[in-house]
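Here is a friendly note to read alongside the model. Keep the 3D view open and take the points one at a time.

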Amino acid sequence: MDDASVDRTQRADVPCEHRTVEWYKLENERLLEALRVREARVARMEDDLVLLAERSETLDRIVSGGWWRLRLRLMRLFAVVSFVRRGLPQREMTVERDPLSRDALASRAERLRSQTDRLSSGLPVSLHRHAKDSSVRRVICSLADENYLGPLSICSVGLEQYATRHGWDVAIHVGSLDLARPIAWSKLLFVSRLLEQYEEVWWVDADAVIVDTAPDIASLIDVDKDLYIVEHRWDEPSGRRAVNSGVVLFRRSDWTTSLIEAIWHREEFIDHPWWENTAMLDLFGYQIPDDGTPPIPGVPTAWMDRVKLIGLEWNSTENASAAVAPVIRHIGRRPTVAVLEQMMTGELRRANAVGVARET
Ligand SMILES: [Mn+2]
């Protein structure tokens with residue numbers, strides 16, 4: 001309700017026949033007062049309008065100034081560029097980002113070979129740090145010589161994908177660590193060095209690829225087990241089995257150190273076709289036939305107490321040792337390195353296609 005309506009009510013309250021000169025004087029004063037109130041209100045509104053006009057002038061000055069003009073121009077340019085880019089075919093950019101393209105693998109091989117990082121022991125490596133800020137230090141590792149630099153590069157693509165997802169470091173060494181023995185034996189030396197600064201060291205052969213990054217191998221860890229490995233099996237001759245050292249998770253402990261030393265000292269197996277794997281099998285109690293046929297399980301030795309046999313999916317090969325849903329596809333020896341590389345790339349491409357399909 002405003003003053004005017006109050007006036008009207010008051011005026012209406014007194015019938016015409018009872019209105020006196022005094023009433024009219026008072027009524028006049030009331031009306032004048034109402035008029036003054038309105039004038040004051042109009043004056044305030046006028047002040048506000050002046051203020052608004054001043055502000056808008058300031059805005060105009062700012063907008064027409066050089067800085068704003070430049071910003072507007074940049075924004076317009078950005079909009080045009082992103083519009084044009086959206087319209088262009090994406091093929092070229094995808095090829096550049098494809099870690100399995102010929103160029104990407106070549107530069108990856110060069111990076112691995114450069115070994116610009118150092119372990120605390122001074123050993124040169126190519127190190128990718130993905131480890132999360134946690135109390136457990138974990139590393140995935142692999143090693144190969146120049147002959148296997150191609151497979152090693154392809155292998156490292158999957159290792160890095162896995163490491164990024166689960167917070168592991170990746171350490172890769174190119175070259176033998178003991179030229180007196182076949183390269184396979186260098187694995188033991190490499191793992192030993194890594195156990196000096198990591199609590200969990202996961203070895204993956206250069207001829208294997210991680211094809212499913214979802215499962216977390218750390219979830220398999222038991223307090224009373226220090227070695228995690230897959231036991232392969234054969235249809236024929238039936239009943240043959242053997243732990244395969246192509247994929248092994250080592251936990252840092254005195255037991256692990258002793259085991260690695262014990263394997264290393266089985267010099268009679270240095271040139272055996274399965275190298276250090278044979279030494280490990282012998283220590284664990286498997287029988288190694290002289291005719292080169294697969295090992296026969298025997299009475300497990302005390303070494304097996306701290307060994308945990310894990311599912312085939314962690315080291316899936318072929319036939320009876322092929323997992324339905326592999327985490328790691330271990331390709332193994334092929335007629336040529338080129339064939340091996342082609343198979344590894346194929347496996348990773350399929351895996352990534354499945355991964356992309358799953359995520360979208
Ligand atoms: Mn292998």
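1. A definition to begin: two strands pair if DSSP finds at least two bridges between them. Helices (H or I, at least four residues) and strands (E, at least two) are DSSP runs, numbered from the N terminus. With that in hand, look at the open sheet: 8 strands form it in the order β1-β2-β4-β3-β5-β8-β7-β9, with mixed pairing. At the edges stand β1 (117–118) and β9, each with a single partner strand, so one side of each has no neighbour in the sheet.

2. A word on the source. This is a predicted model, where local features need pLDDT of at least 70 and side-chain atom pairs count only at pLDDT 80 or more, while totals for chains, interfaces and linings use all residues. Residues are numbered from 1 along each chain as its sequence is written.

3. How do β7 and β9 run? Strand β7 (residues 227–233) is parallel to β9, and 4 bridges join them. Leu227 stands opposite Val307 in β9. In general, strands of a sheet pair through backbone hydrogen bonds, either parallel or antiparallel.

4. Next, find helix α6 (residues 149–166). Helix α6 lies across β2 (124–128), β3 (138–144), β4 (169–174) and β5 (200–204), and runs at about 170 degrees to β3. Such angles run from 0 to 180 degrees between N-to-C directions, and the axes are lines fitted to C-alpha atoms, for helices over the stretch in contact. Contact here asks that the C-beta atoms of two residues, placed from the backbone, lie within 7 Å.

5. Helix α9 (residues 275–284) is worth a slow look: 9 of its 10 residues are buried, so the rest of the structure largely encloses it. A residue is buried if 20 or more other C-beta atoms lie within 10 Å of its own, exposed if 12 or fewer, and partly exposed in between, with C-beta atoms placed from the backbone. Among the buried residues are Trp275, Met280 and Phe284. The buried residues of α9 pack against α7 (186–195), β8 (241–251), α8 (254–264) and β9 (307–310). Just after α9, Gly285 takes a positive phi of about 105 degrees.

6. Finally, zoom out. An automatic or database domain assignment gives the bounds of domain 1 (3–69) and domain 2 (99–359). Their C-alpha centres lie 88 Å apart. Along its principal axes, the C-alpha trace of the protein chain spans about 140 × 45 × 40 Å. Buried residues make up 29% of the 360 residues.
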